[in-house]
Amino acid sequence: MAYRHGAHMVETDVAVTQDLKAVLYHDLQIELAGNTKVPISHVTSHVLESVPSERLVVTEQQKRQQLLLGQDEDVGLEELEEKSKPYPYLSHALQSLPPDLGIMLEVKANLPEKGVENVLYHGDKNVFLDVILQDLFQHVGSRNIILCSFCADTCTMLRNKQGRWPVVLITQGSTETYSDYTDPRLACLQTSINLAIAENLQGVSMFSGLLQDDPAGVVSGVKESGLQTFVWGFHCCNQEFRDTMRSNHIDGIIYDRIYEEKTLSKRKSS
């Protein structure tokens with residue numbers, strides 16, 4: 001759907017199962033029947049494939065990912081769920097999506113938050129990052145890829161492990177909307193910018209709430225640091241906010257409901 005409506009790239013999240021399969025899924029945990037929450041890293045791909053779709057709790061993010069892999073934008077969600085795996089593999093997405101559609105791939109990582117119970121994930125980041133990179137090297141073709149993460153260590157490792165794809169640090173800064181992370185490198189937007197510069201990252205992806213008061217000043221300040229600028233968050237669903245971002249020459253806007261966008265041209269069916 002995003003491709004047909006003129007998107008240059010799509011943003012999705014990737015996690016790694018217990019048996020080291022890269023799957024597109026937003027949360028660190030999955031919720032199965034009986035309201036049982038299990039970390040995605042503690043479940044094998046075989047278990048995911050064997051769970052009947054009607055027993056899965058499907059999130060809005062998952063619906064968007066399923067629609068993303070659909071061949072017909074008019075196919076309804078129920079029909080799509082019957083035809084699609086509820087947890088698509090990264091390798092399948094890379095081979096199924098149009099090759100000229102770029103992907104901004106957020107690598108999931110558990111980040112301790114102040115006052116929030118931590119979710120255990122893979123103990124060795126090297127292992128699950130290598131799984132994701134292997135899928136990319138094998139199936140990416142000429143597709144444009146941007147790697148990103150909220151985790152400073154993950155971004156640094158992705159940058160050092162390969163030089164083919166740019167790496168972007170996602171930051172929420174310090175805001176009342178979300179709990180602060182305990183990592184001091186993520187304490188505010190400026191520390192995130194400093195980290196991105198020090199680790200030779202491509203740019204930062206900022207929470208939209210950080211740009212409401214002074215969008216021109218924030219965007220220009222980041223660009224003057226030599227970094228590319230991206231923005232995510234619920235404010236991005238507003239057309240006026242997106243227009244403001246574009247007028248300030250932001251490099252990328254991450255948002256839902258692209259069919260409401262007024263500035264993009266739909267692609268013609270081939």
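The model is a predicted one, with local features needing pLDDT of at least 70 and side-chain atom pairs pLDDT 80 or more, while totals for chains, interfaces and linings use all residues. Numbering runs from 1 along each chain as its sequence is written, and side-chain values use heavy atoms, without hydrogens and water.

Across the whole structure, 7 aromatic pairs turn up. In one of them, tyrosine 178 and phenylalanine 207 have ring centres 5.2 Å apart and planes at 75°, so they meet edge-to-face. Tyrosine 178 sits in the loop between strand S7 (167-171) and H7, and phenylalanine 207 in strand S8, so the pair ties together parts 29 residues apart in sequence (helices, H or I, of at least four residues and strands, E, of at least two are DSSP runs numbered from the N terminus). Phenylalanine 207 is buried at 1% relative accessible area, whereas tyrosine 178 is partly exposed at 32% (buried is under 20%, exposed over 50%, partly exposed in between, with a 1.4 Å probe and protein chains only).

Histidine 235, in the loop between strand S9 (228-232) and helix H9 (239-247), also counts as buried, at 14% relative accessibility. Beyond neighbours within four places in sequence, histidine 235 is in contact with Phe207, Ser208, Gly209, Gln212 and Phe241 (contact means heavy atoms within 4.5 Å).

Key: Phe/Tyr/Trp six-rings, centres within 6.5 Å; stacked < 30°, edge-to-face > 60°.
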